[in-house]
Amino acid sequence: MKKNTPESMPFLQQYNCMKAQAQTWQSTWKELAAFIAPTRGFFEGETAGNGKKINHRVLIDSDPLLAVEVLSAGMMSGLTSPSRSWFELSLSDHQRMKQPGVRTWLYEVRRRMEDVFSRSNVYNALHSFYQEIAVFGTAAFLLEEDEEKVISCRSFTAGEYVLGCDDKGKINAFGRAFFMTPLQMEETFGAENLPLSLRRAAAEKRPEWQQVLHVIMPNAHADSTKEDFAHMPYVSAYFTPQGHLLKRGGYRQFPVIAARWEVKNSADIYGRSPGWKSLGDVKMLQKMQKAKLVALDKNTNPPMMVSANVQGEVNLLPGGLTRYSGTTDAAVKPAYQVSIDLAALENSIERVKQTIKGQFFADVFLMLSTQQAGRMTATEVAERHQEKMLVLGPVLERLKNELLDPLIERTFALMWQRGVVPMPPESIAGEELKVQYVSMIAQAQKAQGIHAIEQGISFVSRLAQGRQEVLDKIDFDAAVEEGLDLLGVPPVLLRPEEQTQSIRTQRQALLNAVNSAKTI
């Protein structure tokens with residue numbers, strides 16, 4: 001077997017470096033998995049293919065798990081809902097948008113991209129992504145080309161992968177350790193690429209698990225003039241822990257979608273999240289619930305003192321009879337009196353629960369689905385939306401940069417390579433595409449812009465009652481386009497500029513003809 005061959009050495013070094021940087025985060029990730037996400041996380045020493053056992057001595061109250069589910073579901077429906085459009089495509093040059101056929105082409109590209117998303121497993125990966133980032137602060141999935149569905153995603157969990165960043169703090173390297181049987185390795189990498197011992201194990205169909213390492217990193221030998229894997233911007237390698245190279249490839253774009261909830265300083269590769277902030281409260285909640293159960297148990301089934309005069313076994317069943325030979329003190333009585341203020345304990349537990357829900361923003365996402373929401377006015381609903389945006393604003397901006405933008409760009413690139421994207425109009429050849437998000441949360445963020453337009457138009461309209469010429473200062477067509485854009489209205493509903501002017505010309509001609517007829 002070849003060990004540490006020249007080909008595999010850079011990848012093994014990169015993996016070991018990223019793994020060493022992740023070590024300091026592992027202890028917290030393990031605690032987060034134990035107390036908040038018992039079915040997530042995969043750490044050293046765990047066996048592949050085995051289900052994780054939930055320790056119910058640690059995890060007594062499930063409210064923290066429910067808070068995570070509410071947050072992840074809220075992010076899913078609010079940012080990337082499968083049931084409605086959550087992004088639009090436009091051009092950086094707004095004047096080019098008015099060229100014939102441009103809006104229609106952009107709409108068709110978006111429609112096809114949505115179709116690719118719905119046919120692939122992207123939305124499953126996104127739901128898992130939101131759960132991971134809510135608990136551990138960092139989440140990642142691999143987005144690769146698929147022969148049938150154009151794209152395919154592979155989700156990861158904390159402890160299963162490691163990341164690397166460039167000097168600007170942007171994630172540009174990825175590594176993971178996973179397990180395969182020798183037969184699976186033979187099918188994936190080919191028997192000729194396996195070391196002799198694994199070839200024999202595959203031939204004998206041994207079911208033993210073998211660890212495989214995978215690293216994706218910037219390619220020091222990248223050359224844009226060449227199309228082969230060896231010269232692509234990112235190089236990929238599969239190899240054994242001993243350094244035997246199994247497969248080498250490359251990517252035109254970084255294929256890993258990785259994001260952090262919050263980064264405290266530029267040196268941090270991984271992020272922190274509501275899970276980090278609430279861990280102490282979650283531990284306290286579990287301890288309080290355990291103390292309450294112990295107190296209730298002692299109150300209903302207290303420890304007993306038994307007199308030496310008792311004859312036979314003590315019968316503690318309802319209506320049970322215990323004989324004793326004494327004539328004075330009770331033969332069986334509680335060892336001590338348990339006094340529990342259950343109401344006060346329940347109130348304390350409820351306050352901790354509310355704190356945890358607040359840290360996971362569960363109260364924010366549930367505010368419109370409560371019974372109170374049916375009694376709220378439109379103004380109150382708008383104010384609550386603004387409150388949500390104020391709290392989540394920085395997080396949403398990071399997710400836009402590290403999750404949504406790379407997801408759209410990577411998917412568009414793979415669609416273009418496969419010929420799924422229709423040819424653009426010649427008038428916009430070489431123009432840069434711009435992504436605008438029109439999800440529920442994105443629209444709530446833009447609501448302030450709509451409010452400003454409405455206030456401005458209303459203000460000018462009131463002034464026009466005294467001097468009508470002030471209306472000349474407002475470009476109402478621009479106001480309509482900007483407002484509809486903020487509302488996320490599909491651009492195909494807007495008539496082209498030439499058609500709009502033609503309608504206005506015909507209307508003016510008809511009006512002039514009517515006025516002329518009245519004059520005659």
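Visitor: What makes you say that both faces of S7 are covered?

Guide: Tyr234, Ser236 and Tyr238 are buried on one side, and Val235, Ala237 and Phe239 are buried on the other. Buried means under 20% relative accessible area, with exposed over 50% and partly exposed in between (1.4 Å probe, protein chains only). In a regular strand the side chains alternate between the two faces of the sheet. Bear in mind that this is a predicted model, where local features need pLDDT of at least 70, side-chain atom pairs count only at pLDDT 80 or more, and totals for chains, interfaces and linings use all residues. Residues are numbered from 1 along each chain as its sequence is written, and side-chain values use heavy atoms, leaving out hydrogens and water.

Visitor: What makes S4 and S8 edge strands?

Guide: The open sheet has the order S4-S5-S6-S7-S8, with antiparallel pairing. S4 (161–165) and S8 each pair on one side only.

Visitor: What does helix H1 touch when it packs on the sheet?

Guide: H1 (residues 9–35) touches S4, S5, S6, S7 and S8, where contact means heavy atoms within 4.5 Å. The direction of H1 makes about 95 degrees with that of S6; axes are lines fitted to C-alpha atoms, for helices over the stretch in contact, and angles run from 0 to 180 degrees between N-to-C directions.

Visitor: Which residues lie nearest the centre of the largest pocket?

Guide: Leu142, Glu144, Arg154, Arg176 and Tyr238 do, out of 45 lining residues. On a 1 Å grid over the protein atoms alone, a pocket is an open set of points with protein on both sides within 12 Å along at least five of seven lines, and lining residues have an atom within 4 Å of a point. About 1100 Å³ of space lies in the largest pocket, a volume being the space filled by probe spheres set on the points, which are joined across faces, edges and corners.

Conventions:
Helix = DSSP H or I, 4+ residues; strand = E, 2+ residues; numbered from the N terminus. Pairing = 2+ DSSP bridges. 1 Å grid on protein atoms, 1.4 Å probe; cavity = no way out; pocket = protein on both sides within 12 Å on 5 of 7 lines; lining within 4 Å.
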